[in-house]
Amino acid sequence: MKLRNWLTLGGITLGSVAVASAINSFLPRPFVTDQLYERPSAPALLPTTLPDVEITFLRCGSVVVPECIAVRGSLSLAPRTIAYSAVLIKHPQGTFLYDTGLCNDISLFLMDQSFLFSNTLGRFNMERSLCTHLEHLHMQPADLDFVLLSHLHWDHVSGVPDLPGVPLHINRVEYDFAAQGMLEKNQGLVRRLLSNNPVKFLDFAGPAYEGFRSSCDVFSDGSIVLVPLPGHTPGQVGMFINRAHGPRVFLVGDAAWLSDNYVRPATMHPVLWSMVTSDDATARQTLIDLHHFAQQHPEIAMIGMHDAQMQEAFMTAEQKRLHAYTA
Ligand SMILES: [Zn+2]
């Protein structure tokens with residue numbers, strides 16, 4: 001065969017492999033859920049008296065992606081909204097945020113980012129900054145006792161510049177990992193966003209909780225219980241909210257982008273998954289844990305920090321409940 005024919009054949013072969021692997025990346029990667037480890041779990045014994053806890057999602061921005069990008073194995077191009085949110089929690093012993101959404105000056109912080117970053121993870125529509133949300137609620141940053149960060153990816157600490165001086169509560173494991181490189185990535189983006197706010201480290205010295213391997217009871221009253229959800233980052237923190245009125249809530253950080261991720265279970269598209277996941281196997285095991293937990297507890301709202309649909313549904317139900325309660 002002539003050289004030109006060999007080159008043509010090679011080109012066709014390489015092209016076919018590229019097309020096949022692109023198609024394969026959208027197909028499901030099976031989770032054999034009944035063969036993977038299901039942690040033994042005793043249901044948490046909730047205290048007989050719990051306080052009222054108010055929960056408000058503050059959505060600061062969003063981006064729309066086709067479902068097949070957010071959920072591997074979905075062949076749907078249906079638009080799914082990825083939110084950038086903070087959650088305001090009002091507990092009798094303290095008012096605080098879980099994650100921080102986006103600050104007023106986020107565009108300035110992102111100005112020096114690479115073309116790739118600006119057109120992938122750094123691309124979103126700004127809706128309402130964190131400080132504008134607080135103004136609408138007639139709140140000052142000083143009204144917040146602290147901020148609890150689910151993890152130290154830039155999009156979860158991006159509201160901190162709107163909260164000067166508010167203490168940041170961070171899992172020690174997460175901070176130690178971030179200090180090895182994540183703080184300085186993208187021209188020191190996370191370090192700059194964390195500003196000079198004081199930091200308090202959290203240690204998860206409490207017992208296993210609802211099948212998760214350890215816990216941290218924030219107010220020592222069983223109402224706000226943190227659990228580790230490692231994999232997306234090593235020290236990612238999930239938060240259970242148990243309250244006198246209203247359903248139990250489990251905020252899962254970025255362990256699942258959308259509820260589909262733990263319901264199926266399925267990761268996001270593998271290219272995106274590998275860009276944002278620090279440990280593939282651990283993150284998949286955490287998804288399995290969430291999958292089993294969701295099956296055992298359909299009554300608990302399990303909400304990811306980017307899951308716009310779940311956040312909107314929760315707020316609608318919460319407003320109805322409060323209206324009925326006060327009517
Ligand atoms: Zn995120």
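Student: What should I know about the numbering and the model before we start?

Tutor: Residues are numbered from 1 along each chain as its sequence is written. The model is predicted, and local features need pLDDT of at least 70, side-chain atom pairs count only at pLDDT 80 or more, while totals for chains, interfaces and linings use all residues.

Student: How many helices and strands does the protein have, and what makes a stretch count as one?

Tutor: Helices (H or I, at least four residues) and strands (E, at least two) are DSSP runs, numbered from the N terminus. By that rule the secondary structure comes to twelve helices and twelve strands.

Student: Why is the protein called as compact as a globular protein of its length?

Tutor: The radius of gyration is taken over C-alpha atoms, and the globule rule is 2.2 Å times the number of residues to the power 0.38. The rule gives 20 Å for 327 residues and the radius of gyration of the protein is 21 Å, close to that value, so the protein is as compact as a globular protein of that length. Along its principal axes, the C-alpha trace spans about 80 × 45 × 40 Å.

Student: What makes β4 and β7 edge strands of their sheet?

Tutor: Two strands pair if DSSP finds at least two bridges between them. The order of the seven strands in this open sheet is β4-β1-β2-β3-β5-β6-β7, with mixed pairing. At the edges stand β4 (125-126) and β7 (199-202), each with a single partner strand, so one side of each is left without a neighbour in the sheet. For β4, two bridges join the strand to β1 in the antiparallel sense, and Gly61 stands opposite Met126 there.

Student: How do you know that β1 and β2 pair?

Tutor: Strand β1 (residues 54-66) and strand β2 (residues 79-91) share twelve bridges and run antiparallel, which is to be set against the requirement of at least two bridges. Among the partners, Val64 is bridged to Thr81 and Val63 to Ile82.

Student: Why is β3 described as mostly covered?

Tutor: A residue is buried if 20 or more other C-beta atoms lie within 10 Å of its own, exposed if 12 or fewer, and partly exposed in between, with C-beta atoms placed from the backbone. In strand β3 (residues 94-100), five of the seven residues are buried. Over the protein, buried residues make up 38% of the 327 residues.

Student: What makes a set of residues a nonpolar core, and which members touch the most others?

Tutor: A nonpolar core is a set of buried Ala, Val, Leu, Ile, Met, Phe, Trp, Tyr and Cys residues joined through C-beta atoms within 7 Å. The largest one has 74 residues, of which Val87, Val190 and Val252 touch the most other members. Its largest share, seven residues, comes from β2.

Student: What is remarked on in the backbone at Gln187, Glu210 and Pro265?

Tutor: Most residues other than glycine have a negative phi, and most peptide bonds are trans. Gln187, in helix α8 (residues 185-193), has a positive phi of about 55°, and Glu210, in the loop between β7 and β8 (216-217), has a phi near 50°. A cis peptide bond with omega of about -15° joins Arg264 and Pro265, and Pro265 is in the loop between α9 (259-263) and α10 (270-276).

Student: Are Gln187 and Glu210 buried or partly exposed?

Tutor: Gln187 has 14 other C-beta atoms within 10 Å, so Gln187 is partly exposed. Glu210 has 21 other C-beta atoms within 10 Å, so Glu210 is buried.
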